[in-house]
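Subject: Structure for your review

Dear colleague,

Please find below the structure that I am handing over to you.

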Amino acid sequence: MVNLLKKIFERPYDWKKNGHDTTDQWKSVRVGDTVEFAMTVTEEVLYSVEALYPETSEAMIKRKTMDGSQGETYRVGLVMLRPVKA
């Protein structure tokens, strides 16, 4: 089993850029904007940008809830954000 895992992880992998790596839509994100975060199963989950950290290319985002209550806060990479009109 160890040898199998070793073979899998030793094999070189040619990374291909995905849609978030090939666009620069994240460059227009500002504090207070409504954004989507690139993850699996994120339909209709929106976040507001709380803070930007250009030195690390990260942003602090807070999940918007339907009832107006406080959602979770995350620090994520700017490249993973897409501005939306709310």
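Two strands are taken to pair if DSSP finds at least two bridges between them. With that in mind, Ala 59 stands opposite Val 76 in β4. Please note that this is a predicted model, and that the description below should be read accordingly.

**Confidence and overall make-up**

The protein chain has a mean pLDDT of 79, and 71% of its residues reach 70 or more. Confidence is highest in β2, at 94, and lowest in helix α2 (residues 19-22), at a mean of 55. Where pLDDT is low, the predicted coordinates should not be read in detail.

The secondary structure consists of 2 helices and 5 strands, and along the sequence the pattern is α-α-β-β-β-β-β. Of the 86 residues in the protein chain, 21% are buried. Among contacts with a separation of 6 or more, 31% are between residues 24 or more positions apart.

**The sheet**

The 5 strands form an open sheet in the order β4-β3-β2-β1-β5, with antiparallel pairing. Its edge strands are β4 and β5 (81-83), each of which pairs on one side only. On average, neighbouring strands of this sheet are turned by 45° against each other, direction ignored.

The individual pairings are as follows.

- β2 and β3 pair in the antiparallel sense over 6 bridges, and Ala 51 stands opposite Met 60 in β3. The two strands form a hairpin with 4 residues between them, and Ser 57 in the turn has a positive phi of about 55°.
- β3 is joined to strand β4 (residues 70-77) by 6 bridges, and these strands run antiparallel. They also form a hairpin, with 5 residues between them, and Gly 68 in the turn has a positive phi of about 85°.
- β1 and β5 pair in the antiparallel sense over 3 bridges, with Val 35 standing opposite Pro 83 in β5.

**The nonpolar core**

Which residues make up the largest nonpolar core? There are 11 residues in all: Trp 26, Val 29, Val 35, Phe 37, Tyr 47, Val 49, Ala 59, Ile 61, Val 76, Leu 78 and Leu 81. At least two residues of this core come from each of β1 (34-37), β2 (47-53) and β3 (58-64). In soluble globular proteins, nonpolar side chains tend to be buried together.

Not counting residues up to four places away in sequence, Tyr 47 touches Asp 33, Thr 34, Val 35, Phe 37, Met 39, Ile 61, Lys 62, Arg 63, Lys 64 and Tyr 74.

Thr 34 lies in strand β1. Its relative accessible area is 9%, and Thr 34 therefore counts as buried, the cut-off being under 20%. The side chain of Thr 34 makes a polar contact with the side chain of Lys 64, at 2.8 Å.

Ser 48 lies in strand β2. Ser 48 counts as buried because its relative accessibility is 14%, which is under 20%. A polar contact of 2.9 Å links the side chain of Ser 48 to the side chain of Glu 50. Leaving aside neighbours within four places in sequence, Ser 48 is in contact with Asp 33, Met 60, Ile 61, Lys 62 and Lys 64. Ser 48 and Val 31 are 17 residues apart in sequence, and their C-alpha atoms are 7.9 Å apart in space.

Apart from neighbours within four places in sequence, Met 60 is in contact with Ser 48, Val 49, Glu 50, Ala 51, Tyr 53, Thr 73, Tyr 74 and Arg 75. The C-alpha atoms of Met 60 and Glu 50 are separated by 5.3 Å, with the two residues 10 apart along the chain.

Yours sincerely

Methods:
Residues are numbered from 1 along each chain as its sequence is written. This is a predicted model: local features need pLDDT of at least 70, side-chain atom pairs count only at pLDDT 80 or more; totals for chains, interfaces and linings use all residues. Side-chain values use heavy atoms; hydrogens and water are left out. A nonpolar core is a set of buried Ala, Val, Leu, Ile, Met, Phe, Trp, Tyr and Cys residues joined through side-chain atoms within 4.5 Å. Buried means under 20% relative accessible area, exposed over 50%, partly exposed in between (1.4 Å probe, protein chains only). Contact means heavy atoms within 4.5 Å. pLDDT is the predictor's confidence in each residue, from 0 to 100. Axes are lines fitted to C-alpha atoms, for helices over the stretch in contact, and angles run from 0 to 180 degrees between N-to-C directions. A polar contact is a pair of N or O atoms within 3.5 Å; within protein, one must be able to donate a hydrogen and the other to accept it, and residues adjacent in sequence count only if both atoms are side-chain atoms.
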